[in-house]
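Welcome! Please take a moment to look over the sequence and the 3D structure shown here.

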Amino acid sequence: MILGDFGTSYTKLWDIEKEPVPRIVRSMDIAGGLRTTLATGHNGARFGERYVNELTALARGAKKLIKEDDFVILDCGSRDLKFVSFSGDKVRDTGWNAECGASLGFTIELLERYYDLDHRRMPVPSTYLPVTCGVLGLSHIFDAIIQGARPEEAVASFIKGIALNAYRFAGSPSKLYLSGGLSENPVFVKSMPCEVVVLGRFVLLEGLRYIASI
Amino acid sequence: MLSGEKAFLQIDQVLMIRNVGIVGMPPREVMFRLKGEGAKIYDLDALHVKPDLEITASYIPRVYCAILRTVLTNAKKMFLDAIYIDVGEGKCSGALYLADILKVELNIPVIQTRNEDNVRFGNPVCESGLPLMEKMELITQGVLEPEAMKNDPVRCEPAAGFWGVPPRDFSILTLFPARTHIFGWTRCMENKTPADAELEKIANPDVPTVFFAQSFCQKTALAYYLARRHPCGLYVDADVYIGHSTRAKVQAFLELNGAID
């Protein structure tokens, strides 16, 4: 049984009978004929025999991995932000920011390539750029560079800005479980003004695995 | 400004009227009179002509309540003899301003009413087991009828709640189970007491409930506040159409809280 989380930039695939862990491939390299038993993600409906909406997959995966009744999980991907807040085993709130929080991960990847930066070596800045969206945030970066900031400083401030925005979007919790591609970005994670637990990039696949088992 | 009663003073106008648009819920007395005169009544809150919200940009901002933009589009494109527009607590301040705009821009009588009807007709449709879409259609069509509906549908035990106004895009309603009870202003509509602020605030704390409002409507504040205080409430607002992310939020919320399989 193959499970697929078909993101905008990257696709996570998992043959749960043959592979111990999922694998990641670039979404642009996915063959059109690929079919999975269960699929989620932005492009999931194109490839899955059954499509599961991303919030449901995120919530199911988080419930499986997190042994608490009250928690908030925030998924920061290439294209959007999603969160689910549980309270007493019930979904207390949920949000999916596909417009105002759009293209954050994708924009960071573009910037790193353009300026030849490595986010693993970037220091966490003390200041941040007030951004809510990757596309609109670009002009803030260019303005900062024009005013004398080095590209790595400007991009790090941009990343910190989107981290703070994502944190507020999730309801400003005291503890936050993070998933998605941006959870692997140290500047992003360390910019969060709360306790952070990183769950990695396969939480939605865990949700699909749980759904497949019931 | 004319009250509901004063609107009847324009009896000569009413006698000549054939096609009448209504906005919100004018008082029952107005509706009785119009029906008695044989007028064909159109609910301008609903879609009657091909959506062309660009037409409204000459009069009101593009970022504005989609329902009121629909009203303006209908009013501009339909051949109406008069419009009765309810303003005040039974509708919204936006309708009050829109009434003035329509009065200036259209060459037909635009009559403001204030619906303060307080005879309660109950909520058999809101609490029935009919599909939510069907319930909503019955209630919105009921605006045209001053009498109570005949043959009340059978009540069901609720599995979920929908609180709010009839949405501009009804497709959100397909996400709910049939055992969804309706609350909020839609409940006031069925009860024929649109200004009943106390009834509007009621929701069932025992079932997961989606608190819906049109984007840019003042009711977003009430929906947001009530959702935050409900034991299992989700606040949602939407503009012209229900987007993919909003649809997913509602679906996940209902599914994860056991309202749907």
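## About the model

This is a predicted model, in which local features need pLDDT of at least 70 and side-chain atom pairs count only at pLDDT 80 or more, while totals for chains, interfaces and linings use all residues. Residues are numbered from 1 along each chain as its sequence is written, and chains are lettered from A and ligands numbered from 1 in the order in which they are written.

## Helix 2 of chain A

Helices (H or I, at least four residues) and strands (E, at least two) are DSSP runs, numbered from the N terminus. Helix 2 of chain A covers residues 54-65 and reaches 16 Å from its first C-alpha to its last. That is close to the expected 16 Å, where the expected span is 1.5 Å times one less than the number of residues.

Ten of the twelve residues in helix 2 of chain A are buried, among them A:Leu55, A:Ala59 and A:Lys63. A residue is buried if 20 or more other C-beta atoms lie within 10 Å of its own, exposed if 12 or fewer, and partly exposed in between, with C-beta atoms placed from the backbone.

## Where the chains meet

Eleven residues of chain B are in contact with twelve residues of chain A; contact means that their C-beta atoms, placed from the backbone, lie within 7 Å. Helix 9 (residues 244-256) of chain B gives the most to its side, with eight residues.

Most residues other than glycine have a negative phi. A:Ser172, however, has a positive phi of about 50°, and B:Asn151 has one of about 55°. A:Ser172 sits in the loop between helix 5 and strand 9 of chain A, and B:Asn151 in the loop between helix 5 and strand 5 of chain B.

A:Ser172 counts as exposed because it has 12 C-beta neighbours inside 10 Å. B:Asn151 counts as exposed too, with 5 such neighbours.

Notes: Two residues are in contact if their C-beta atoms, placed from the backbone, lie within 7 Å.
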